[in-house]
Protein chains: 2
Amino acid sequence: MDQQTMKQTLEIRKRGVERTLGSCLEHTSIPDSLREAMEYSLLAGGKRIRPVLCLTWARLFGACEEPVLPFAASLELIHTYSLIHDDLPAMDDDATRRGQPSNHVRFGEAQAILAGDGLLTHAFSMMLSVPLQAERVLAAASEVARAAGPAGMVGGQVMDMALTGLGVTEVETLKRMHSMKTGAMLRVSCLSGALLAGAGSAGLEKAKRFGAALGLAFQVADDILDVIGDEQKMGKPVGSDTKHSKLTYPALLGLERSRRLGDSMVQESKEALSGLQSEEADFLTALAKYVMHRTE
Amino acid sequence: MDQQTMKQTLEIRKRGVERTLGSCLEHTSIPDSLREAMEYSLLAGGKRIRPVLCLTWARLFGACEEPVLPFAASLELIHTYSLIHDDLPAMDDDATRRGQPSNHVRFGEAQAILAGDGLLTHAFSMMLSVPLQAERVLAAASEVARAAGPAGMVGGQVMDMALTGLGVTEVETLKRMHSMKTGAMLRVSCLSGALLAGAGSAGLEKAKRFGAALGLAFQVADDILDVIGDEQKMGKPVGSDTKHSKLTYPALLGLERSRRLGDSMVQESKEALSGLQSEEADFLTALAKYVMHRTE
């Protein structure tokens, strides 16, 4: 699949996700000020890569998109909560996100902490209400909880803070941190889609392997962009990792070797899809390439 | 059931909960510093009233205790996360909790935010892994997500902050805030136990009604204790509500009318149990009395 066709498909899937995100906080008795803070960050744009991965892996194993949509969208709520909490003064202290003031700059710290808490809990509400077989929903939501939790994303953020400024030179340590901090959620985005569609164990293995490779490629690309990217396109100041003394792949391996690592992960993600001949697999291959070579 | 027998039963159930809480973060790849911060608050004692309610309502409808235990314990993880986040400088800025330094005083703000996030996500991991019928687990966990979320506990905290210092005099506003902030989780502690045990709709209604009445009694008692309580027994400074200009029932209604409101809720909780003749129902009646008249 060429990049243009991939981008068209991506755009169509994103539209379904945006529609779901735009309405998921309606018709509930959420206090207005809280809903406003939650929507401010949730509807600020973004690649929506996690929901798209979930939808695509669900389609790959024959599921209809409609009932999977709220589950897929909930992954974006979890991602958004993590960004809001990461940006807090006590954490990374970032004043901008996606080209606008961070949540705590706009609404104050207390509201930002609660907006994050609200998004995380509402994500589980959404996940647990999808009209699919109970066993499948349970298995998928359970994997998401694990990936988002203290042995996944939350633990990764703790490791990241512990490593920042230390100047550790072990690339394996960096990989382990990222496999928790960003990798776990990208991996489970694929895995949960496959679980919701009732994939067998071979299919689930492919989803995990693809997701893990894509997760690493994604992080490497992110680090590279922080060095060479365009501030306006990125929506955050270029060089902010250096400013925060964050450990990155380019800092550790140099740009050239980082690019090669990313490319090898794109290759690995392609191999993970072997045996799955379909338009969806072609889309995923093209998506992995795009993730590695994106400019924003 | 007399208060002494009730307290013995309470003690026995608490012991099962403590055992589960003590081991629920073992054997997972949680970074040590994060696990330490999570356990610091989780294992700092407490009445464990939410897990005990869940276990008791599950027993009331014939469930075995063992498979319900991790689900019940997860309610305490959610309660603990909410205390850690509420104590943060940006929120209530409380330096002590349960007689020891608050989580952020001991571990720093960043770690405290993440310890809270970790407890909340791990709670869902635990809930979604209990070895009971998938439909029941899904229904119960879904209710917990709703109760803990932006239309429940998180929304209640937002309302509480908005009301603090305003000097609002509508008791209905105060009731609505508490029914979200503390009531929703106490209600769902009962409801989720009944759901896990497969109770029918009449039983579920009783659980909700009992939980709602107990929740209000609990809050009224808490407010009264803040005025007249013993600092050492409470583990937090007496009069802290006044210090924070928190709206309370005694401030709004006076002590005497607050006591009468609490007592009427104990009566209401007893009526909610009508038709349920069993040792468990007797225990719940005695527990409601104890909640209202406790001294810590």
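Modeller: This is a predicted model, and chain A averages a pLDDT of 93, with 95% of the residues scoring at least 70. For the model as a whole, the scores are ipTM 0.94 and pTM 0.95.

Biologist: What makes the two copies related as by a two-fold rotation axis?

Modeller: Chain B can be laid on chain A by a turn of 180 degrees and a shift of 0.0 Å along the axis, with an RMSD of 0.0 Å; the two copies are therefore related as by a two-fold rotation axis. The same surface serves both copies, since 100% of the contact residues of chain B recur in chain A.

Biologist: Which residue of chain B comes closest to the rotation axis?

Modeller: That is B:A134, whose C-alpha lies at 2.8 Å from the axis.

Biologist: How many residues of chain B are in contact with chain A, and which element of chain B gives the most to that side?

Modeller: There are 43 residues of chain B in contact with 43 residues of chain A. The elements of chain B that give two or more residues to this side are α2 (32–42), α6 (109–127), α7 (134–148) and α8 (153–163), and α6(B) gives the most, with eleven residues. By class, the side of chain B that touches chain A has 26 nonpolar, 13 polar and four charged residues.

Biologist: Why is B:A184 called buried?

Modeller: A residue is buried if 20 or more other C-beta atoms lie within 10 Å of its own; B:A184 has 26 C-beta neighbours inside 10 Å and therefore counts as buried. Leaving aside neighbours within four places in sequence, B:A184 is in contact with B:A147, B:G152, B:M153, B:G156 and B:S179. B:A184 and B:A148 are 36 residues apart in sequence, yet their C-alpha atoms are 7.2 Å apart in space.

Biologist: What can be said of the helix in which B:A184 lies, and where does that helix bend?

Modeller: B:A184 lies in helix α9 of chain B, which spans residues 171–196 and bends by about 55 degrees at B:G183. The helix α9(B) is mostly covered, as 20 of its 26 residues are buried, and α9(B) is followed by B:G198, whose phi is positive, near 80 degrees.

Biologist: Which residues have the most contacts inside the largest nonpolar core?

Modeller: That core has 200 residues, and those with the most contacts inside it are A:V68, A:A141, A:A217, B:V68, B:A141 and B:A217. Not counting residues up to four places away in sequence, A:V68 touches A:C54, A:L55, A:A58, A:A63, A:V130, A:G193 and A:L196.

Technical notes:
Residues numbered from 1 in each chain as written. Chains lettered and ligands numbered in written order. Predicted model: local features only at pLDDT ≥ 70, side-chain atom pairs only at ≥ 80, totals over all residues. Least-squares fit on C-alpha atoms with pLDDT ≥ 70 in both. Contact = placed C-beta atoms within 7 Å. Helix = DSSP H or I, 4+ residues; strand = E, 2+ residues; numbered from the N terminus. Nonpolar A, V, L, I, M, F, W, Y, C, P; charged D, E, K, R; others polar. Bend = angle between axes of the 7 residues up to and from the residue. Buried ≥ 20, exposed ≤ 12 C-beta atoms within 10 Å, placed from the backbone. Core = buried A, V, L, I, M, F, W, Y, C linked by C-beta atoms within 7 Å. pLDDT = per-residue confidence, 0-100.
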